[in-house]
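Try each task on your own before you read its solution.

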Amino acid sequence: PHPASPARAVGGVRAGCILADDRRLRFTYRIEAAPERLCWLRHPAAGRRDELWRHTCFEAFVATSPGGYLEFNFAPDGSWAAYGFTAYRRRRQPDPLLEDPEIEVFFGANAMRLEAAVDARGLRDGRSEQGLRRGLAAVIEETGGPTSFWALRHPRPQPDFHDAGGFVLDMPTARWPSASEEPAL
């Protein structure tokens, strides 16, 4: 968690991302806390929504061109969002057009896990000499308690997932599909 946003009920957060053989970016997030201690949106129908960060949600940032990046948000109720940025917090319009991601949520007595998959074929410009850079993060709202901000790395004094200094996961370019491997969209 960011030092400016300590958690009370959350013992930890784990996150991971792979580029699967089916050309999908697959994200996994696990919160170590009793699910009843967490708050999240509960919409009757899952779909694309803004401002998911106001409650428990999971975020992924994928570097594209130099300075540019994509942001994905996944909520436990199946809501999601995708945004494109040309530079730090400079939003590109229109937002990326994506198929609805696959989102599954699993609850245990003392943990909650969310898995999400996004079609990566349209993200090929995310390649670089170092590979595909990613940042994984979570906003966790506790029932009757604080909201904490979790990330692999916090480069600023206040929580800010958009800072590219937090995009610390590299995916080797050898795993990234070449243009000839991708079907036409």
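This is a predicted model: local features need pLDDT of at least 70, side-chain atom pairs count only at pLDDT 80 or more; totals for chains, interfaces and linings use all residues.

**Exercise 1. The chain as a whole**

Task: Work out how many helices and strands the protein chain has, and what share of its residues counts as buried.

Solution: 
- Start with the secondary structure: the protein chain has zero helices and twelve strands.
- Next, turn to burial: 46% of the 185 residues fall in the buried class.
- Then look at the contacts. Among those with a separation of 6 or more, 62% join residues 24 or more positions apart.
- Finish with the surface, where carbon and sulfur atoms hold 50% of an accessible area of about 9300 Å².

**Exercise 2. A hairpin**

Task: Find the sense in which β1 and β2 pair, and the number of bridges between them.

Solution: 
- Locate the strands first: β1 covers residues 12-19 and β2 covers residues 24-32.
- Their pairing is antiparallel and runs over eight bridges.
- For one facing couple, go to Cys17, which has Phe27 in β2 opposite.
- Now step into the turn: four residues separate the two strands of this hairpin, and Arg23 there has a positive phi of about 65°.

**Exercise 3. The largest pocket**

Task: Describe the volume of the largest pocket and say which residues lie nearest its centre.

Solution: 
- The largest pocket holds about 330 Å³ of space.
- Its lining counts 17 residues, with Trp53, Glu59, Glu71, Arg89 and His162 nearest the centre.
- By element, two or more lining residues come from each of β4 (57-63), β5 (69-74) and β6 (80-87).
- Sorted by class, the pocket lining has nine nonpolar, two polar and six charged residues.

**Exercise 4. The largest cavity**

Task: Find the volume of the largest cavity and the strand that gives the most to its lining.

Solution: 
- A reminder of the idea: rolling a probe the size of a water molecule over the atoms shows where empty space is left.
- With a threshold of 30 Å³ or more, the count is one cavity. The largest cavity has a volume of about 50 Å³.
- Its lining includes Phe61, Leu136, Arg153, Asp160 and Phe167.
- Strand β10 (residues 132-142) gives the most, with three residues.
- By class, the cavity lining has seven nonpolar, two polar and three charged residues.

**Exercise 5. Two residues, two classes**

Task: Decide whether His43 and Asp119 are buried, partly exposed or exposed.

Solution: 
- Recall the cut-offs: buried means under 20% relative accessible area, exposed means over 50%, and partly exposed is in between.
- His43 has a relative accessible area of 30%, so this residue is partly exposed.
- Place His43 in the fold: the residue sits in the loop between β3 (38-39) and β4. Setting aside residues up to four places away in sequence, His43 touches Arg49, Asp77 and Ser79.
- For a distance check, take Pro76, 33 residues from His43 along the chain; their C-alpha atoms are 10.0 Å apart.
- Asp119 has 18% relative accessibility, so this residue counts as buried.
- Asp119 belongs to strand β9 (residues 112-119). Leaving out neighbours within four places in sequence, Asp119 is in contact with Arg23, Arg24 and Glu99. That takes you back to the hairpin of Exercise 2, where Arg23 lies in the turn.

Technical notes: Residues are numbered from 1 along each chain as its sequence is written. Side-chain values use heavy atoms; hydrogens and water are left out. On a 1 Å grid over the protein atoms alone, a cavity is a set of points where a 1.4 Å probe fits but cannot get out, and a pocket is an open set with protein on both sides within 12 Å along at least five of seven lines; lining residues have an atom within 4 Å of a point. Grid points are joined across faces, edges and corners, and a volume is the space filled by probe spheres set on the points. Ala, Val, Leu, Ile, Met, Phe, Trp, Tyr, Cys and Pro count as nonpolar, Asp, Glu, Lys and Arg as charged, and the others, Gly among them, as polar. Two strands pair if DSSP finds at least two bridges between them. Buried means under 20% relative accessible area, exposed over 50%, partly exposed in between (1.4 Å probe, protein chains only). Contact means heavy atoms within 4.5 Å. Accessible areas come from the Shrake-Rupley method with a 1.4 Å probe; for residues, only the protein chains shown count as cover.
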